[in-house]
Amino acid sequence: IPDSLCELGYGAFQDNRRLQRVAFAEGSGLQKIPEKAFYNAQFLRQISLPKGIQSVDEQAFARCKSLSSIYLPEGITVIRRKAFHFAGLTELILPESLKTLEASAFQRCSSLTYVRIPSGVRYIGEQAFSGCDRMKILEIDHDPDYLGEHIANRSTVIRCRKGSAVDAWCREHGYQTEYL
């Protein structure tokens, strides 16, 4: 996708059955991946997002079952509701610039096994990682301002600091913990 493209439209590649790889040109002016941009692009395996991206909007990569990994560049501050719902992600590295994970952002990404939440994240919405059946560890080494209900399955161990607000939240909501 050329650097002259500054905006993708709603559902630009929605339901595309042929798309397998996407690369944005260096210097792209694109600032967000809009709602349902790649929704249900079932054969999308690889995408390289440009450095200027600040948000991944609702259901942008939902139902991208072949998308096993994605590089989320520094600069992204928000991942919106159900942005990666039911995607095939096996690996996820969240950028330090991230501030907000909205409700169900990674819900039902059943191949994820481990996620570390960066220390800048202030908001983790309801069910952000629920339905991630293989997730063993969710690491939160700081105290966000908001932790929603059911952020992960009960079988997921939350790795946090002993005595932290996250530790108290885990005890209150019945999650197993490991301490950093």
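Helices (H or I, at least four residues) and strands (E, at least two) are DSSP runs, numbered from the N terminus. This is a predicted model: local features need pLDDT of at least 70, side-chain atom pairs count only at pLDDT 80 or more, and totals for chains, interfaces and linings use all residues. Residues are numbered from 1 along each chain as its sequence is written, and side-chain values use heavy atoms, with hydrogens and water left out.

**View A. Gly174 comes after helix α1.** Let's start at the end of the helix. The phi of Gly174 is positive, near 80°.

**View B. Four strands form an open sheet with parallel pairing.** Their order is β7-β9-β11-β12; strands pair if DSSP finds at least two bridges between them. At the edges lie β7 (114–117) and β12 (176–179), each pairing on one side only. On average, neighbouring strands are turned by 20° against each other, direction ignored. (Axes are lines fitted to C-alpha atoms, for helices over the stretch in contact, and angles run from 0 to 180 degrees between N-to-C directions.)

**View C. β7 and β9 (residues 137–140) run parallel, joined by four bridges.** Look for Tyr114, whose bridge partner in β9 is Ile137.

**View D. Helix α1 (residues 165–173) packs on the sheet.** This helix touches β9, β11 (157–160) and β12, where contact means heavy atoms within 4.5 Å. The direction of α1 makes about 155° with that of β11.

**View E. Helix α1 has buried residues: Val166, Asp167, Trp169, Cys170 and His173.** Buried means under 20% relative accessible area, exposed over 50%, partly exposed in between (1.4 Å probe, protein chains only). Exposed Arg171 and Glu172 sit on the face turned away from the buried side of α1.
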